[in-house]
Amino acid sequence: MRNGPGLFSASWALLRKDLAIELRTRESVPAMALFSVTVFVLLHFGTGRDTFSGGLAAGLLWVTLLLATVLGVNRLFVAEREQGGIDAVLLAPVDRTAVFIGKAAALFLYLVLLEVVAVPAFALLLLAQGSAVAVLPLAGVLLLTDIGLAAVGALVAAMASETRARDLVVPMLLLPLVVPLAIAGASATEPLLGAAGSAPELLRWLGFIGVYDMVFLLLSVAVFDFLLED
Amino acid sequence: MLGADLPGESWKLRGQIGYLGHDPLLYRELSVRQNLEFQARLHGVAAARVGQVIDGVGLANRADEPLRELSRGMVQRAAAARAILSDPPLLLLDEPRAGLDPAAAELLEPLIGRQSGRTRVLVTHDVEGGLGESDQVLGLRGGRQELFEPAESVTATRLRELYS
């Protein structure tokens, strides 16, 4: 094999390419954000109640974010498979792990951008005026959970991209895998939305999310080579 | 092949094969330059080489337009630039001149033709054209080998019989 770029140079190149395509097409992030805001508007006007709180509010936020994530995961490998870009990448002297890192990093950034739009909309439409939202801890929970979502999402996107029914396969594979993450994310978010909750409980859920992130990052790195080769 | 025992050591060939086929293996939403800069980063090729190959395929004045806005022939020229960007010792060419007008085909000759000095595996239904630039000919019928001989001992008529 010829000497190629290092793992992180290749990952950075793949991430830059994905961001350039997203900037040009605006296919993923706007769709994810629009979906989330639409759900919050429907809940606001369709349920007959102005505000939600505690576990219900946290659950609604995370279910909406998860379904929006499905939209992003569905699009993650579209350019690679439909335009043959992945074949050119596989001919290059780069570690296949770079593809995983680049894709997971792109999805992570999409999720952060989604939350920048969706969480303020959620607070505005579904939380009571003057609710004490702990913004910084909430951002921490979201970012930590996004790492796990991005790792599992990139893995599932690569698996589903080889199938004809990609739009069906992604939610069928992704949602069961991220159920523990969604439960932990919602449980960690609940005390940050003004409901009663203790710091030790929050730390316990953050610890769970951290372990989940680590397990799926390592698992994804271990199997990604085989996914691309097959 | 190229020092690799296939198929077990196929990883050794990464970066040593340039492929040009029916699909350009380029991103439609990116410009020619963005596509080639991306490939250059993946192959560890100096950025200056991108400008050289763009000039070589005659796309300097369209290099910053999205690929989806270019004609089929221009996209094929961009794909040829991608295939030779890393200066690979082996080129796999599947109907490489599809969609090219005669002037563009002539432009690419020093890059992907016999003059390129590279080892090339050329797949084509253009009997005369393929025979004219081959050293060794492999004829297939129904996926099975019918002939494998030096080009000078094979005639176009014999090759046409493979299609009958």
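Which helix of chain B lies across β1 and β2 of chain B? The model is predicted, with local features requiring pLDDT of at least 70 and side-chain atom pairs counting only at pLDDT 80 or more, whereas totals for chains, interfaces and linings use all residues. Residues are numbered from 1 along each chain as its sequence is written, and chains are lettered from A in the order in which they are written.

**View 1. Helix α3 on the sheet of chain B.** Helix α3 (residues 72-84) of chain B lies across β1 and β2 of that chain. The helix runs at about 170 degrees to β1(B); axes are lines fitted to C-alpha atoms, for helices over the stretch in contact, and angles run from 0 to 180 degrees between N-to-C directions. Helices (H or I, at least four residues) and strands (E, at least two) are DSSP runs numbered from the N terminus.

**View 2. The open sheet of chain B.** Three strands in the order β1-β2-β3 form an open sheet with parallel pairing, where pairing requires that DSSP find at least two bridges between two strands. The edge strands, each pairing on one side only, are β1 (17-20) and β3 (119-123) of chain B. From one strand to the next, the twist averages 15 degrees.

**View 3. Pairing of β2 with β3 in chain B.** Strand β2 (residues 90-94) of chain B runs parallel to β3(B), and five bridges join them. B:Leu93 has B:Leu122 of β3(B) as its bridge partner.

**View 4. The contact between chains A and B.** In this view, 24 residues of chain A are in contact with 22 residues of chain B, contact meaning C-beta atoms, placed from the backbone, within 7 Å. On the side of chain A that touches chain B, α1 (7-25) and α5 (85-91) of chain A are the elements that give two or more residues. The largest share, eight residues, comes from α1(A).

Definitions and conventions
Two residues are in contact if their C-beta atoms, placed from the backbone, lie within 7 Å.
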